[in-house]
Amino acid sequence: MSMTFQGYRRPNGEVGIRNHLLIIPTVICANQVCNRIQQLVPNTVAIPHQHGCSQIGADKERTFDVLAGTGKNPNVGGVLIVSLGCEVVDPVQLGEEIRKTGKPVEVFDIQSVGGSVKAIQYGVELAGKMRALLDAMEKVDIPLSELKVGVKCGGSDATSGLASNPALGVAADALIGEGGTIVIGETTEIIGAEHVLAGRCRTPEIADNLYHIVDRFEKEVERMGADMRGGNPSPGNIAGGLSTIEEKSLGCISKCGTAPIEGIVEYAEQVPKGGLYFMDSPGNDIECVSGMAAGGVHLVCFTTGRGTPTGSAVIPVIKITGNRLCAERMADNMDVDVSGLLEGEYSLQEAGKRIWDEIRAVSSGKLTTAEVLGHAEFSINRIGPSL
């Protein structure tokens, strides 16, 4: 019998492990209204951001795609969209795109309802009614084959590549063995090890695509006249014992296990079901996790040796460390400690099972430390300049 978790079945057949009412500002000018609505209506989340105006072309499309993808994420049960009324991101179009999932969506603009105070009052009334509908929903048993998990690392040190990343790889293999989906990202952090991942691609075409996205990134860095070594490895990575990007990358890729790569997806693109996928995304923690959430991932397993509190507005982020000192100093922020692997207390498989058990518990409703502490970070990776 297949393993299951407790989740919410959506109108389009997808499943969520959370039941968020999401408040989306289409533009930075609507952030404060959205924040106040979120503060006044319990059990809602908002995603304030800096964008939505003075953007053109692919950059404008990316903002739209990330906002739409976040609203479509199956952990979101309903969406309230708040616009100013004159931005480049079309709130009506955004609402129509999210409604394709069958979930309830409400849209209004601040200028039409009469300013910020009236908009907050109007939004609170709408959000209260929508939240009541979501509260009436019940959980059902869902097979683990429908679970999509992102794997991410940040604040890495020597213990990441030696303990927490390979242990996460064991858990990743376990989920894929159940028919589930694993997504790895961070194009910047496979450089020097891309040939290893290319050798695991299902077809030569997928391998070529992997090389293409790495080459595209490197050319963009060259166009800027910058040296990647100024930021990767980061000062914290170096202090933690990582000397080169190649060393960091070889440790980084171990967190996705041993399965073949089934495809490459663009940033915030919807991730197919079943197997291992690579998402072209930055190493920046919040931008990467936000892209995975917009791509439909249910949760992210995030390894760290130095310690990082990053969470997400709509998906749980499980923090994992293989560094005993980090586990003690950052106890408030860690969910799983596998430092005993390096100390000979248990095997790699046993360390992986600790993470696997946590994935199953969080999928059924257990809150991560990031959720308990209110870490709801959100950021959109940009392409072009502002006008």
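Here I would like to hear about the interface of domain 1 and domain 2.

Analyst: This is a predicted model, where local features need pLDDT of at least 70, side-chain atom pairs count only at pLDDT 80 or more, and totals for chains, interfaces and linings use all residues. Residues are numbered from 1 along each chain as its sequence is written, and side-chain values use heavy atoms, with hydrogens and water left out.

The protein chain splits into domain 1 (20–136) and domain 2 (143–373). These bounds come from an automatic or database domain assignment. The C-alpha centres of the two domains are 29 Å apart.

Contact here means heavy atoms within 4.5 Å. By that rule, 13 residues of domain 1 touch twelve residues of domain 2. The two domains bury about 960 Å² between them, with 60% of it on carbon and sulfur atoms. Buried area is the accessible area (1.4 Å probe) that two parts lose on being put together, summed over both. On the domain 1 side, Val66, Asn73 and Asn75 lose the most area to domain 2, together 39% of what that side buries.

Which elements of domain 1 supply at least two residues each to the side that touches domain 2? They are strand 3 (20–25), strand 4 (44–46) and helix 2 (57–72). Helices (H or I, at least four residues) and strands (E, at least two) are DSSP runs, numbered from the N terminus. Helix 2 gives the most, with four residues.

How values were computed: A salt bridge is a side-chain nitrogen of Lys or Arg within 4 Å of a carboxyl oxygen of Asp or Glu.
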